[in-house]
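Please open the structure in a viewer and keep the selection tool at hand.

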Amino acid sequence: MNRREKSVWSQMLVLACGVAIVYGCASKGATNEEANTLVLTNPLDVSREEVVTLTLSIDQQAKMAKMKPGMYQTADTWVEALDQDENGTVDQLAVRAQLAPKQTVSIDLNKDLISGTDLPKKTQAELSIGTGGTWNGRKYDDKTGFERVQQLRVPDAHTDHSYFIRYEGPGWENEQLGYRFYLDWRNAIDIFGKKVDTLVLQTVGQDGFDSYHEPSPWGMDILKAGKSLGVGSIGQYIGGAVEHFKQTDSVTCEITTDGYLGSQIDTRYYGWTTSASTTDLSSTLRIETGDRAVEHQIQLSKAVEGFCTGLVKHPKAEKMESLVGTNGWAYIATYGEQSLAGDNLGLAIIYHVKDVDYVKVSDYDHLVVFKPTTKKFSYYLLGAWEQEQNGIKTKEAFSTYLKEKIERLKEPVTVQLAF
């Protein structure tokens, strides 16, 4: 599936990273020469600085045809204009705004923005494969190096420790921490803990395939996923056990956004077969600057009984769970000395109650099992390592962070585009 085809999926989304989107209408007598204005509103009684992502309708794209892809800024707001389907027209805006309590900010896209920015790149997503080698059964031998690619159909021979994909799958990060998932039958999501606030994934695994397991100045791999889902990966809970993506017809993975303010990875699993069913699945992972939570968007080709996500079960980690009613956001989390560095690491999944059937503990995971009637939904996954710069260092601070995150999801920043 190419990026133009996938843009249909993007345009269907009116909720991105917990941001409520309200589309403005053209006023009577308005023309394309008049100002295009973004209006952002913070409904909470606390200040916030977040990335607001707005996917433009076809009509809105036409009215903004003069705007070119790139970075723009005002005194305290950054706007990234993106061309996701690569047709030369801006089709998505990512806005990082600082908003005071109950504040509304209007930005004239024609007059207020200055092209270019002094903001360093704050996110990235990447996928790197071996070059110059040959397949020898399940191993990719004698490679001369790695090259970064935008998309990949996973070779049929590829499995765990094939030494073909650098750090065994795609990676994504912001200034706080990084993630990866194994692009093979394990399909678990792992965490790269970071001691620095700069982007590092481009260097990880370049000095030895497993070098990231050892401490380095930038950080290290801090989560042992084992037979679990890691933090927020996906599977099917059948007969008391979780089945991973061991059998598929094919898998494709694409870096659809590698942006300053946000980055995104799209993965397609065709013919995912378990002992109970066969289905196709679309998975979209998105990270924003300033937010350790990763949005995971799921779309199934049909209803799947027992579709689940989860957190690795660790003997030194204490389980935490929010109490909610019948509506709204909730979380399951763990906190304790569960990092591979031997120190504190918090893990969490934040989900919407309407999508979830039940929560339970299995052999290797704390599970969130989705309703069998749910075919399209989103949830958030995240980690918090105590060695991050300004990191979360106690269970109490982690609990406070999760409560504040849920409040922001319940009362998202709204953005209106008016002409």
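A residue is called buried when its relative accessible area is under 20%, exposed when the value is over 50%, and partly exposed in between, with a 1.4 Å probe and protein chains only. By this criterion, buried residues account for 58% of the 419 residues in the protein. The model is a predicted one, in which local features need pLDDT of at least 70, side-chain atom pairs count only at pLDDT 80 or more, and totals for chains, interfaces and linings use all residues. Residues are numbered from 1 along each chain as its sequence is written, and side-chain values use heavy atoms, with hydrogens and water left out.

**The whole chain**

Along the principal axes, the C-alpha trace spans about 65 × 50 × 45 Å. A contact means heavy atoms within 4.5 Å; among contacts between residues at least 6 apart in sequence, 66% join residues at least 24 apart.

**The largest pocket**

Next, select R48, E49, E50, G290 and R408, which are the closest to the centre of the largest pocket among the 23 residues that line it. A pocket is found on a 1 Å grid over the protein atoms alone, as an open set of points where a 1.4 Å probe fits, with protein on both sides within 12 Å along at least five of seven lines; lining residues have an atom within 4 Å of a point. The volume of this pocket is about 500 Å³, that is, the space filled by probe spheres set on the points, with grid points joined across faces, edges and corners.

Which elements each supply at least two residues of this lining? They are β4 (48-55), β25 (291-300) and α3 (395-410). The most comes from α3, with six residues. By class, the lining has six nonpolar, five polar and twelve charged residues; Ala, Val, Leu, Ile, Met, Phe, Trp, Tyr, Cys and Pro count as nonpolar, Asp, Glu, Lys and Arg as charged, and the others, Gly among them, as polar.

**The second largest pocket**

Move to the second largest pocket, with a volume of about 340 Å³. Of its 20 lining residues, V154, P155, H158, T248 and V251 are the closest to its centre. This lining comprises eight nonpolar, six polar and six charged residues.

**Strand β22**

Select T252, in strand β22 (residues 250-258). Apart from residues up to four places away in sequence, T252 touches L152, R153, D266, T267, R268 and Y270. The C-alpha atoms of T252 and Q236, 16 residues apart along the chain, are separated by 20 Å.

**Two residues with positive phi**

Most residues other than glycine have a negative phi. Select E168, in the loop between β15 (151-153) and β16 (171-173), where phi is positive, near 70 degrees. E168 is buried, at 6% relative accessible area. Finally, select N187, in the loop between β17 (177-181) and β18 (189-194). N187 has a positive phi of about 55 degrees and is buried, at 2% relative accessibility.

Notes
Helices (H or I, at least four residues) and strands (E, at least two) are DSSP runs, numbered from the N terminus.
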